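Take a walk through this fold with the model open beside you. We start with the overall layout, then move to strands, core and single residues.

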Amino acid sequence: MADVKNKDVKKKDIKKDTRRDSRNRKEVSPADEYAESVLKVRRVAKVIKGGRRFAFSALVVVGDRKGSIGVALGKSRDVSSAISKALKKARKNMFSVPLYKTTVPFTILGKHGASSVLIRSASKGTGVIAGGAVRSVMEALGVKDVLAKSIGSANPQNVVKATINALLKLKSAKQLAALRGKTVEQIVSTQMTRENNVAA
C-alpha cells in the first residue's frame with residue numbers, strides 16, 4: 001500500500017512541475033519580432049440612397065529594427081479589421097534598406113506630392129531627431145541616430161511616402177562601387193583625397 005501511495009505522490013509532483021514549466025514558457029509569436037505602429041486612422045463616408053455608409057482606413061508601418069520596413073494602407077468597415085489588413089499588407093511588402101552602423105549612409109531627399117523629407121546621417125549618440133510619421137518609420141527601421149526634417153505638407157500619408165521614397169534611394173558602399181565599376185577601397189580613397197584637398 002505504501003508503494004502505491006508513493007507512486008501516486010510522484011505522479012502528482014510530475015504533473016505540477018509540467019504545469020509550472022508550461023506557465024514559465026513564453027511563446028514568441030511572429031508579431032513580437034516586428035515593430036508595428038499605427039500612424040493614422042481615418043473615417044470616410046460614402047453617400048448612398050439610404051444615407052451615409054461609414055468605413056475606416058488605417059495607415060501603418062512595420063519594421064524588424066534591423067533594416068527592413070514596410071508601409072501599407074488598409075480599408076474596412078471597422079477599425080480593427082482595417083488595421084489588421086494594413087499590417088498584413090505591410091509585412092508582405094517589406095523591403096531592406098542599407099544602413100551604416102546606427103544611422104543612414106548619406107544625406108538624402110525624398111519627395112511625394114507636396115511633401116519633402118530630408119534625412120541626414122548623424123554621429124553616435126545623437127538620437128532620432130525627427131517628428132511624427134518620420135520618427136515612427138526610423139524607429140521601426142532600427143535607425144538610432146538620424147537628423148530628419150519634413151518640408152511642405154504635413155499629411156501623414158504623404159510624409160510617409162516621401163520618407164519611403166528617400167529610403168529607396170539609399171545604396172551601400174558595395175552597390176555604389178558596382179555601379180561605378182570600382183572597388184570600395186578606390187571610392188573611399190578618392191573621397192579621403194577630396195576631403196584633404198578641401199581642408200588644405
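How many helices and strands are there in the chain? The chain has 6 helices and 8 strands. Both are DSSP runs, numbered from the N terminus: helices are H or I with at least four residues, strands are E with at least two. This is a predicted model, in which local features need pLDDT of at least 70 and side-chain atom pairs count only at pLDDT 80 or more, while totals for chains, interfaces and linings use all residues. Residues are numbered from 1 along each chain as its sequence is written, and side-chain values use heavy atoms, with hydrogens and water left out.

Along the sequence, the pattern reads α-β-β-β-α-β-β-β-β-α-β-α-α-α. Of the chain's 200 residues, 28% count as buried. Buried means under 20% relative accessible area, exposed means over 50%, and partly exposed lies in between (1.4 Å probe, protein chains only). The accessible surface of the chain is about 13,700 Å². Carbon and sulfur atoms account for 52% of that surface. These areas come from the Shrake-Rupley method with a 1.4 Å probe; for residues, only the protein chains shown count as cover.

Strand 1 (35-48) and strand 2 (51-63) run antiparallel and are joined by 13 bridges. Two strands pair if DSSP finds at least two bridges between them. V38 has V60 in strand 2 as its bridge partner. Strand 1 and strand 2 make a hairpin, with 2 residues between them. Next comes strand 3 (residues 68-76), joined to strand 2 by 8 bridges, again in the antiparallel sense. Here S57 has K75 in strand 3 as its bridge partner. This hairpin has 4 residues between its strands. R65 lies in that loop, between strand 2 and strand 3. The phi of R65 is near 60 degrees, a positive value in a residue other than glycine. Most residues other than glycine have a negative phi, and most peptide bonds are trans.

K101 also has a positive phi, near 55 degrees. K101 is in the loop between strand 4 (95-96) and strand 5. Is K101 buried or exposed? K101 counts as exposed because its relative accessibility is 69%.

Strand 5 (residues 108-112) pairs with strand 6 in the antiparallel sense over 5 bridges. I108 stands opposite I119 in strand 6. In their hairpin, with 2 residues between the strands, G113 takes a positive phi near 60 degrees. Strand 6 is also joined to strand 8 by 7 bridges, and these two run antiparallel. Across that pairing, R120 stands opposite L147, and S116 has I151 as its bridge partner.

Look at S115, in strand 6 (residues 115-121). S115 counts as buried because its relative accessible area is 0%. A polar atom of the S115 side chain lies 2.8 Å from the backbone oxygen of S153. Contacts of S115 (heavy atoms within 4.5 Å) include G110, I151, N155 and A162, not counting residues up to four places away in sequence.

Helix 3 (132-141) is largely enclosed by the rest of the structure, because 7 of its 10 residues are buried. Among them are V134, V137, M138 and L141. Just after helix 3, G142 takes a positive phi of about 105 degrees.

Finish with the nonpolar cores. A core is a set of buried Ala, Val, Leu, Ile, Met, Phe, Trp, Tyr and Cys residues joined through side-chain atoms within 4.5 Å. The largest has 28 residues, and I69, I119, V134, M138, V146 and L167 touch the most other members. Strand 1, strand 2, strand 6, helix 3, strand 8 (146-152) and helix 4 (156-168) each supply at least two residues of this core. Apart from this core lies another, of 6 residues, including V60, V62, L87 and A90. Back in the largest core, L167 touches V97, I119, V137, M138 and L141, not counting residues up to four places away in sequence.

How values were computed. Polar contact = N/O pair within 3.5 Å; in protein donor to acceptor, adjacent residues only side chain to side chain.
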